[in-house]
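Welcome! Please take a look at it before reading on.

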Amino acid sequence: MEYRLKIGEDLISFQAEKKGDHNIALSHDGCLLDIEYTVVSNHHQHLLVNGSPVNAYIAPDVNGKTVIIKGIPYFIGDADVIETRGRGKKGLQAIPQEITPPMPAVVVRLLVSQGDRVNQGDKVIVVSSMKMETTLTAPADGTVRAVNVAEGDKVMPGQILIDIDKDEGASTKE
Amino acid sequence: MKGKAIKESSPMFTKILVANRGEIARRVMNTCREMGIITVAVYSEADRKAVHVFKADQAVFVGDSDPSSSYLNIDKIIEAAKQTGAEAIHPGYGFLAENPLFAERCEQENLVFIGPPSRVIRELGDKTIARRTVAGSGVPVIPGMNRPESDPETLEREAAKIGYPVLIKAAAGGGGKGMRVVTQPKDFREACISASSEAKSAFGDGSIYLEKYLSRPRHVEFQIVADQHGHVVHLFERECSIQRRHQKIIEETPSPVMTPALRERMGAAAVAVAKASGYVNAGTVEFLVDQGGDFYFLEVNTRLQVEHPITEMITGLDLVRIQLEVAAGNPLSITQENVRSRGHAIECRIYAEDPEKGFYPSPGKILYMQEPSGPGIRNDCGIYSGFQVPVEYDPILSKLIAYAGDRNQAIQKMIKALEDYVILGVKTPVPFLIDVLKSEAFIKGDTFTDFIDTHFSDWKPNRCDADAACAAFIIDELSRAGKTKAATAQGSADQSPWQTLGPWGR
């Protein structure tokens, strides 16, 4: 079997061959891994990786799975699944195209109402997560089509808080 | 009648309300239970399943998740105490702990506030009054103003007199709110306006004042305890220089900078501050220590500190027990002469936050956790596997404390404990803390308040077990695929949406 895994920015293709109930052979880029394993629970595996013991703790997360080994988290996704789920979901650095909170949060203040004109970068809503306030801004010049939340609402990443109808050719400023 | 040999003592409380949540509420309740005191918890909507509710003898629902409707609502907390017949209230830290109106209200309602008198909280809470009080007792304060000022021209004149760089601070301040460093005069007015408006929104009071800005100081604080009979004892220092966003994340005691002579002088200064302010109960006197080893008074925290456990480790004392004894009216059972410090203790704060993204908050559900253990390891923990970490409150999950014979051993013990600490479901600073503790600068004790900016500004963990992690991923896929066939229809209440999305592989 082949697994194409995305770990951080790297994409690694693994060839996997099951050798027994508790043994699997993995290879990638000429590197061979003989893994003996015990699945202790849904969240804990005890591995012997080429003979060296490793405790790996694992849980599903938004883009795949998180694996913790010796206190260090590894965020691993199935590259094919990530690709089919659509591109454009970049990190925080890219200017977001939608007004959505970066983490689960509570709406603290709405700074615009339906019909308001906004310019790119204008502050439109303040959300708070664990006592830290974050101000979200308009991704482009345009008009507020709808405000989908009220102050005090709990909101999640991916949820569109405010819809903005972008002006024609809105990415350029007049 | 009592015989003369028997020390006169006031009766201990039979029931205490803990007006806080999470790890600190649990920690306070632990001592109460040891002392046979009945505990009352309060909780909000978001905290129905919080650990402090389960650990209390009684729990009272006080309102909505928003802190102002629950943990900050004085009327509701007082009512909960009355309704349950609690005689005293322990405020923990944060929320109402340093609110003089709350302490005053307790006094009026005949409830014992486990902390200093409201007058002391009020006076020390205003940083400029605190500076005046302390300067009067002969303890060095950072050069600067002793009164808040709003007139921009007067402020500008004062800034010139103090000399740039200057630090603008909020009189009602704390937690870095309303604080601005100004390095040149042309930026001064704008900084004053923004500092004042931030202070206004954070504390409801926009008063600001100026202090000389010290570059690369150390943050060193002294724990004090004072009884109602005029005895004040300091319990040595805590070094808290490792901070992000002006919030401490690693604390240790003793401080690597401390010498016996400096400790004696700073300890005496801390006691002098406590006496000058009429302090009662446990408190912390914070100082900055500059590169030349001179120290300056910063402020007094009129509460039990987050980092109090490290002091407990090196002294063998239970600070909550002392707080309760003092609040009940008993004299301190310790003296400055018989308090001893032994070994070295370090605390790491485990927040729900992402150290790879500027320590952004990371609330969520704890899917799995495994706490470290072993000799010298203490974990003051407010979460459990399955707990939904609320977005409404401070992101602290737990405090991991390591205690050993000396600093190097304590560092090694902490690294091992962090490596063993598993929290899945939210991001935590555990990998960041490991790297800080392993860094040369930390090991050398070069800990200044700019430590993280200087050494760890663009930090990423060294992910050297990527192969093993990928193997775990693949094995998880295989074992889930096997299980799904075996038990497809079996729903489970504690599954997260990510689990119910099904296997990712082919």
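## Getting your bearings

Domain bounds come from an automatic or database domain assignment. By that assignment, chain B is divided into domain 1 (15–114), domain 2 (143–212) and domain 3 (219–455). Taken over C-alpha atoms, the centres of domain 2 of chain B and domain 3 of chain B are 28 Å apart.

This is a predicted model, in which local features need pLDDT of at least 70 and side-chain atom pairs count only at pLDDT 80 or more, while totals for chains, interfaces and linings use all residues. Residues are numbered from 1 along each chain as its sequence is written, and chains are lettered from A and ligands numbered from 1 in the order in which they are written.

## How confident is the prediction?

The complex receives an ipTM of 0.88 and a pTM of 0.88 from the predictor. For single residues there is pLDDT, the predictor's confidence in each residue, from 0 to 100. Chain B has a mean pLDDT of 92, with 94% of its residues at 70 or more. Where pLDDT is low, the predicted coordinates should not be read in detail.

## The barrel of chain A

Chain A holds one helix and 15 strands (DSSP runs numbered from the N terminus: helices are H or I with at least four residues, strands are E with at least two). Eight strands of chain A close into an antiparallel barrel in the order S1-S2-S3-S4-S5-S6-S7-S8; two strands pair if DSSP finds at least two bridges between them.

Where can you see S1 and S8 of chain A joined? Strand S1 (residues 2–7) and strand S8 (residues 72–78) run antiparallel and are linked by three bridges. In one bridge to S8(A), A:Ile7 is partnered with A:Ile76.

## Where the chains meet

The contact draws 49 residues from chain A and 43 residues from chain B. On the chain B side, the largest share, twelve residues, comes from H16(B). The residues of this side are 28 nonpolar, seven polar and eight charged (nonpolar: Ala, Val, Leu, Ile, Met, Phe, Trp, Tyr, Cys and Pro; charged: Asp, Glu, Lys and Arg; polar: the others, Gly among them).

Notes. Contact = placed C-beta atoms within 7 Å.
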